[in-house]
Each structure stands twice: as C-alpha cells, then as structure tokens.
Amino acid sequence: LLFGVDQNPFMQGYMPVWLLTIMAHTKQHLRNQYIETGPMLIENAPSNALKTCAANHFSVCPRPVDINMNQIEKIRPVGIALAAIAMSLSLGLLVWVWYYRETPVVCKSQPLFLGMICVGAFLMAATIIPLSVDDSVATVETCTVACIATPWFLWIGFIITFSALYSKIYRISKLLNDSNKFRRVKITVWDVMPTFCILITLTLMFLLVWSVVDPM
C-alpha cells in the first residue's frame, strides 16, 4: 500500500511511454516538465472523453486556456462603499466648516485650511473609483482613462491636504517664534499660500507631462 501511495505506478511506469508515443505521432509535448506524483492513488480508469482525445492524438481536443485576469469583482463593492463613506464625510465636514466659520473655535482653526483638508480628503477617497475599473466592467479605452485619472485624483488631493497642514503649522511656528522675540506680527492666511501654489503648480506640471508622454 505504501508503495502504491508514494510511487505511483501509472506516473512512473506507463505515463512516460504514453507521452513519448504522443510526442512521436503529433510532435506535441507538455509545457510543464515537472509532473507531480502522489501522495494519491488513481482509482478510476480514464474517461471516455480522454480515450477519444488519445485515439485522435489530441488533434480535436484543444486544452482550455486558464488565464488569471486579476479582476476585482469581489472586492470592488467594498472599495466603492468605503470610498462613498469617506467622500460623504469629507463633504459633510466641509459644509460644517462653512456653516460654523464665524464661531470662535472654527475661526481660530483657520476655516480656509480646514476646507482645503476636506477637499483633499475627498479627492484622495475618490481615487478608489478609477482604481475599481477593470476590463470586466469597461472597455480598454475606459480602463486607460481610469488609469490616467488615478494619479491625478491621488496626488492633487494629497498636495491640497498636506499643503494646508504645512501652512497651518508654518503659520503657528511663525507666530510663536516672533512672540519669543517680543515682536508683534500679523500673519494672514494668504501670507502662507505661496507654498501651496508652488507645490500644486509643480504637481500639475508633473502629472501633465506624465499623461502626455506615457498615458498608459
């Protein structure tokens, strides 16, 4: 019994003769040179379909091609649902900041930068939508457009969000440093906007060149 389990007689005995016969008649051979053996027993005779294929030297029995397209049918609804939640929260918080922009707490938190963070978070969450497009639901042209749109959503959203955070931190740092020198200064929101403008301009130039030179 152990000999039958560990050393499969068909695999190591008759099957090489069978394969050599097919190769001699049809000039066909297996693509995979490594054939796994055991631990299993062949308990059934070859099926009638296999016998027919063998009798015709497999000329009328093309093997099905198993191609993994790496499609995302199962995970797509989860991603779109999470994106919808994040985008809804971003829009809701943006409306909340605008509605309470005159209150002391929100006013001192710099509503413009808070709104920029909401817009950036919205764009980064929207990146999931083009990422969820593949050839199972769209044409090749649509997939190409979605592929190009992905870095635009992601990087513009990232730059908007973290430029706003950097500007807030820079403004606070400037105020604290000047207060240590006993100087009274007034720094408006627009005094720290050049940093955002430079970063967003460089990002747009990079994305534009990328989309024109190598859109795929």
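Author: Gladly! A helix here is a DSSP run of H or I with at least four residues, numbered from the N terminus. Phe 122 has its place in one such run, helix 6. Please keep in mind that this is a predicted model.

Reader: What makes Phe 122 partly exposed?

Author: Its relative accessible area is 23%. Buried means under 20% and exposed means over 50%, with partly exposed in between, so Phe 122 is partly exposed.

Reader: And which residues does Phe 122 touch, beyond those up to four places away in sequence?

Author: Those are Met 87, Ser 90 and Leu 91. Phe 122 can also be placed relative to Leu 154: the two are 32 residues apart in sequence, and their C-alpha atoms are 9.8 Å apart in space.

Reader: How do you know whether Ala 126 is buried or exposed?

Author: Ala 126, also in helix 6, has 5% relative accessibility. The cut-off for buried is under 20%, so Ala 126 counts as buried. Not counting residues up to four places away in sequence, Ala 126 touches Met 87 and Phe 153. Its C-alpha atom is separated by 8.9 Å from that of Ile 80, which is 46 residues away along the chain.

Reader: Why are helix 4 and helix 6 called roughly antiparallel?

Author: Their axes cross at roughly 165° and come within 8 Å. Angles over 145 degrees count as roughly antiparallel, and therefore that is the term for helix 4 and helix 6. The crossing of helix 4 past helix 6 is left-handed.

Reader: What classes of residue make up the contact of helix 4 with helix 6?

Author: By class there are 15 nonpolar, two polar and no charged residues. From helix 4 (residues 76–99), the residues that meet helix 6 include Ala 83, Met 87, Leu 94 and Val 97. On the helix 6 side, Pro 111, Leu 114, Cys 118 and Phe 122 are among them.

Reader: Which residues make up the largest nonpolar core?

Author: There are 11 in all: Phe 113, Met 116, Leu 123, Ile 156, Ile 159, Ile 160, Ala 164, Met 193, Phe 196, Ile 200 and Leu 207. Helix 6, helix 8 and helix 9 (193–213) are the elements that give two or more residues to this core. One of the core members, Leu 123, is in contact with Phe 153, Ile 156, Gly 157 and Ile 160, leaving aside neighbours within four places in sequence.

Reader: What makes Thr 161 buried?

Author: Its relative accessible area is 7%. Thr 161 is found in helix 8 (residues 140–180). Apart from neighbours within four places in sequence, its contacts are Ile 117, Gly 120, Ala 121 and Met 124.

Reader: And how many helices and strands does the protein chain have?

Author: Nine helices and zero strands. Of its 216 residues, 24% are buried. Among contacts between residues at least 6 apart in sequence, 74% join residues at least 24 apart.

Conventions. Residues numbered from 1 in each chain as written. Predicted model: local features only at pLDDT ≥ 70, side-chain atom pairs only at ≥ 80, totals over all residues. Heavy atoms only, no water. Buried < 20%, exposed > 50% of the residue type's maximum accessible area, 1.4 Å probe, protein only. Contact = heavy atoms within 4.5 Å. Core = buried A, V, L, I, M, F, W, Y, C linked by side-chain atoms within 4.5 Å. Axes fitted to C-alpha atoms, helices over the stretch in contact; angles between N-to-C directions. Parallel < 35°, antiparallel > 145°, perpendicular 65-115°, else oblique. Left-handed = near helix turned anticlockwise from the far one by under 90°. Nonpolar A, V, L, I, M, F, W, Y, C, P; charged D, E, K, R; others polar.
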